[in-house]
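I am opening a notebook page on this structure and will write down what I look up, step by step. The sequence and the model come before my entries.

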Amino acid sequence: MAASVNRCVCAFSRLQRHISPRAARISGCAHVYAGSAPHLCSRSGTSTRALSSGNSSPKRPDTSLFVPVTLKAEDSSRDGDVGAELTQPLDKGELLKVLNRFYKKKEMQKMASDNGLDARLFHQAFISFRKYVLEMSNLPADLHIILSDVCCGAGHVDDLYPYLMRHARIIFPMLDCMDDLRKISDLRVPANWYPEARAIQRKLIFHAGPTNSGKTYHAIQRYLSAKSGVYCGPLKLLAHEIFEKSNDAGVPCDLVTGEERTFVDQDGRASGHVACTIEMCSVTTPYEIAVIDEIQMIRDPSRGWAWTRALLGLCAEEIHVCGEPAAIDFVRELMFTTGEEVEVRRYQRLTPFSILDQALDSLDNLRPGDCIVCFSKNDIYSISRQIEARGLECAVIYGSLPPGTKLSQAKKFNDPDDPCKILVATDAIGMGLNLSIKRIIFNTLVKPNVNEKGEKHMETISTSQALQISGRAGRYSSKFKEGEVTTMHKDDLPVLKEILSQSVEPIETAGLHPTAEQIEMFAYHLPDATLSNLVDIFVSLSQVDGLYFVCNIDDFKFLADMIQHIPLNLRSRYVFCTAPINKKQPFVCTSFLKFARQFSRDEPLTFEWVSRHIGWPSSAPKNIKDLVHLEAVHDVLDLYLWLSYRFMDMFPDTILIRQIQKELDQIIQEGVRNITRLIRATDTSITDPLQSHGKPELSAASSSAPSRARRVQGGSGAVGDNSLTSRLVRDGLLTPDMIRQLQREWSRETDTTKQSSPRANYYDDAGKRGKRKK
């Protein structure tokens, strides 16, 4: 029996030497062990792609995104204890010395780097490999024998290299399929993604001009005269406007937005014309005419991909593009890649607007037709309260209001018989609303922004943004035939003049976004990766040419991480994560999470279930907090409707949900009409940071802080906007109720202390109390 075992050992040793790992190192191959994945050689696969694409070297991946896969015990015990039977049990102390000696060899690290394992991955792989070797009770036979040989001096420490690489490929599966992943994430020729559009010779007509120049009007006239057409706009309000205008003109037109499908045909047959939000346009349906509005948004860090997709993919004989002249050269260059020519039609503003030489200085100087533009809700609340304290009525418009409420407020402001003659609004008025404004007044010139990397910061508004907002003054269709622009504070006025004197920066890049199909192909190669990690790796490996950039995906990842623990198939998970929700609203995020959980249980989200969740029926808001909550509830109903068109069986009660959403819109409209009363009923330390420390209300003119100080503190126009209280509330660490409770406790404690001890001893007593609390 002993002789037989010895013969087996000798035969196995000869076999191991025959396929020597050192020989494998010399040849650059690592597929000498049974069951290993195909050889990883990043250079060989890349050269072919480099020749075909004209790019000499692929983009190096961000290996910090590579998350190691946790090994399962059964994966490594398939060989039982054969290794120990053929040789002898391993000494853990000797093993540790051998492994550490191997790790310190620079040659090993260099070879690993040549095969895609950079210093960071090499370290992670070694730590995992060492733990695996030292803690696993039964190692694979070939690894056990090699380790035994090295410990006994019969083998070389370098012989461990192929086994480390085999282990690295198991815990980092992306190493073995890097070539495939790079091909999937190659975004350099997006025009080829739309074969239907490339199969026809399209004619592009660019209607270029500033706001209120009639460029969109001319494009829509051609749209209405066509046999079929699609209008693609940036906002639901714009899509609704074209939908109504088309049907009023006797041209049957359907409406398609993320949350709504309206067919004019009672049998549900599609009309020849459709007005849609740009994300919802079809790139496979043939049309005679297509209109793409606000083309300059193709460079938007978050939504630019939708304009790129429409411009490259719409199947229409004529594409009418409307937007700023700054986009002309870029659209021409983009169309050069498709072999399509661009005809440019230029328009001038129909009514002039001028920059005044005087700032408003005080709200006492307001006139009918004035619109104060703010970039925060707090400013809107504060200024609207100060306006109505002067006996004036004002309308209020900001982005999170439901569309019906925005239109209601716009109608109130535009109505010559309504006593409301002042408008307080955010830059939400820049598109989609026809307003009778005489003078635009910028409360501040600084607004929060997000760059392509998802980084948030405060910055001065761009020339494009300033022109878009200023252009709302003196519109052609309004009673004011000339517009005026100024600022609230006099030291902002020279800055505004400088901004408006500059030419708009030319557009240089267009946004792209990974599709569900691309992410599914990534998941096929990396089945254990989370969706957030898949998207991260995709963006890290993606290659784009100089005309494009990958849009910011922070919101997508935020939602992906939120529902990662919920069991969903990849396609459903991807769809959920593309839902357009406001992640700053905790109630909306909570609802999103509950929707996903209910969906994962295969339990339909019924009207009764949703009603219980949102607390329907809702009562009229009693303060600003209530109003903000109702706006969040409206967003939750929007989310339900959005998901209902992707998962009809699971979100069945769209008719009932839409009905209560209309009722909710009416409740919110009533709340906004009484917004001053709501502000008065709300703790001023929360709604108006200017008063958070008990200061008397200040008008825009009486504020002692200079405008530049206001800019530094977030453009709110409020001195206390960056106070600790405001920041804690804004970050969700404290609630208004908690602050009120703290204020009451502090007041009681202060009063008690003053009554029980002399003033001279007050601070000593307070210090002692603080120490005792600690």
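Leaving aside its neighbours within four places in sequence, which residues is S246 in contact with?

Entry on S246. I kept in mind that this is a predicted model. I looked up S246 and found that, once its neighbours within four places in sequence are left aside, S246 is in contact with Y223, L224, V251 and C253. The residue itself lies in helix 13, which covers residues 236–248. I noted that S246 counts as buried because its relative accessible area is 0%, and the cut-off for buried is under 20%.

I then turned to the strands and found an open sheet of 8 strands, with mixed pairing and the order 4-3-5-2-6-7-1-8. Its edge strands are strand 4 (261–262) and strand 8 (342–346), each of which pairs on one side only. I followed strand 8 to strand 1 (residues 203–208), and the two pair in the parallel sense over 5 bridges. Within this region I noted A208, which stands opposite R346 in strand 8.

Entry on the helices across the sheet. I looked up helix 12 (residues 215–225), which lies across several strands, among them strand 2 (229–233), strand 3 (253–256) and strand 7 (315–323), and runs at about 160 degrees to strand 7. Helix 14 (residues 304–313) lies across strand 1, strand 6 and strand 7, and I recorded its direction as about 140 degrees to strand 6.

Definitions and conventions. Residues are numbered from 1 along each chain as its sequence is written. This is a predicted model: local features need pLDDT of at least 70, side-chain atom pairs count only at pLDDT 80 or more; totals for chains, interfaces and linings use all residues. Side-chain values use heavy atoms; hydrogens and water are left out. Two strands pair if DSSP finds at least two bridges between them. Helices (H or I, at least four residues) and strands (E, at least two) are DSSP runs, numbered from the N terminus. Contact means heavy atoms within 4.5 Å. Axes are lines fitted to C-alpha atoms, for helices over the stretch in contact, and angles run from 0 to 180 degrees between N-to-C directions. Buried means under 20% relative accessible area, exposed over 50%, partly exposed in between (1.4 Å probe, protein chains only).
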